Amino acid sequence: MKKHTNGRCTLVGAGPGDPELLTLKAVKAIASATVILVDDLVNDAVLEHAASNARIVHVGKRGGCKSTPQAFIDKLMITAVQEGEHVVRLKGGDPFIFGRGGEEVEHLRQAGIDVTVVNGITSGLAGMSSLGAPLTHREHAHGVVLLTGHAQPGDSGTDWAQLAATAHQAKLTLVIYMGVSSLERISQGLLSGLPAHTPVAVVQNASLPTQRQALTTLGDLLNTMQREGMKSPSIIVVGDVVQGARAWRQATPVTLPLRSA
Ligand code: SAH
């Protein structure tokens, strides 16, 4: 195969859903792409920026289809770049927060292809901002931990009890991605290290017109999820910063008043 030297690959974060949350760099990359590989959870509205003759390939599992095997996606990207295409790999949120962005970059580098990365707004951040609450706070949260609730096969996954004890002691906000299906195990573990009254926010479809949210406590999280029928994709945020959410402040007497700026 003849190799072209002007092929390139850009890994682009499409943000949490609202197309207005794309960065200018993301818009420019999408507009200049000749091939676009689109992941699950990317809002198709962002493709309005694509050139009319760009080849668009959906590789997610939306619509109940099986997702495209990772090895096939890697091969498709490598071949297209070698043929001189500008490949944009479009991922939901930020490409380097879960979603295998790091693995894809490694595979491309192994094939001698350098990759430019354009950040996107990660759903954990967008979800909390949509409630008007921060993830850190000088008094209530000294840091943030982004976690996956989904353990790899053969991996025992996160020790939620130990994590909860650390989060309690060090005042950390926990932001859990992909946590809905393992919620029982996660909330049981967290309850061994954090008080049952710890505030929790669940945000489904953050930043989209279909967004729904529930504000609850760790002790009542499972009940709330079932009662409200909250589903994936959802972000689960655990920590005192949730008390900064507009709706929380309206509904509950605030016990830890957030300092005004
Ligand atoms: N790279 C993505 C995360 C990919 S992992 C990012 O930075 O956001 C997929 C998980 O992200 C989902 O299971 C869900 O927990 C979360 N997620 C993605 N989009 C979301 C959205 N709009 N609202 C709530 N959670 C979302």
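1. H107 is partly exposed, at 29% relative accessibility; the term covers values between buried, under 20% relative accessible area, and exposed, over 50%, with a 1.4 Å probe and protein chains only. The residue belongs to helix 3, which spans residues 101-110. Helices here are DSSP runs of H or I with at least four residues, strands are runs of E with at least two, and both are numbered from the N terminus. Between H107 and I78, 29 residues apart along the chain, the C-alpha separation is 8.8 Å.

2. A word on the basis of this note: the model is predicted, so local features need pLDDT of at least 70 and side-chain atom pairs count only at pLDDT 80 or more, while totals for chains, interfaces and linings use all residues. Residues are numbered from 1 along each chain as its sequence is written, and side-chain values use heavy atoms, with hydrogens and water left out.

3. T79 sits in helix 2, residues 70-82, and is partly exposed at 26% relative accessibility. A polar atom of its side chain lies 2.7 Å from the backbone oxygen of K75. Such a polar contact is a pair of N or O atoms within 3.5 Å; within protein, one atom must be able to donate a hydrogen and the other to accept it, and residues adjacent in sequence count only if both atoms are side-chain atoms. T79 is also 9.9 Å from A111 between C-alpha atoms, the two being 32 residues apart along the chain.

4. Which residues come nearest to the ligand? They are I97, T122, S123, A206 and S234, out of 16 residues around the ligand; a residue counts as near if one of its heavy atoms lies within 4 Å. By class, this shell holds nine nonpolar, six polar and one charged residues. In that scheme Ala, Val, Leu, Ile, Met, Phe, Trp, Tyr, Cys and Pro are nonpolar, Asp, Glu, Lys and Arg are charged, and the others, Gly among them, are polar. Domain 1 (8-118) and domain 2 (123-260) each contribute at least three residues to the shell, the domain bounds coming from an automatic or database domain assignment.

5. For G92, a backbone N or O atom is 2.9 Å from a ligand nitrogen; for I97, the corresponding distance is 2.7 Å; and a polar backbone atom of A206 lies 2.8 Å from a ligand nitrogen. The protein covers 92% of the 550 Å² of accessible area that the ligand has on its own, areas being computed by the Shrake-Rupley method with a 1.4 Å probe and, for residues, with only the protein chains shown counted as cover.

6. The largest nonpolar core comprises 20 residues, and L174, I176, L190, L221, I236 and V238 have the most contacts inside it. A core of this kind is a set of buried Ala, Val, Leu, Ile, Met, Phe, Trp, Tyr and Cys residues joined through side-chain atoms within 4.5 Å. At least two residues come from each of helix 5 (160-170), strand 7 (172-177), helix 6 (183-191), strand 8 (199-204), helix 7 (221-228) and strand 10 (234-238). Helix 5 gives the most, with four residues.

7. S232 and P233 are joined by a cis peptide bond, with omega about 0 degrees, and P233 lies in the loop between helix 7 and strand 10. K171, although not a glycine, has a positive phi of about 55 degrees; it is placed in the loop between helix 5 and strand 7 and is partly exposed, with a relative accessible area of 38%. S207 likewise has a positive phi, near 75 degrees, in a residue other than glycine, and is found in the loop between strand 8 and strand 9 (212-217).

8. Two buried positions complete the note. H140, in the loop between helix 4 and strand 6 (143-148), is buried with a relative accessible area of 11%, and its C-alpha atom is 6.3 Å from that of V241, 101 residues apart in sequence. A126, in helix 4 (residues 123-130), is buried at 8% relative accessibility; A126 and A31 are 95 residues apart in sequence and 24 Å apart, C-alpha to C-alpha.
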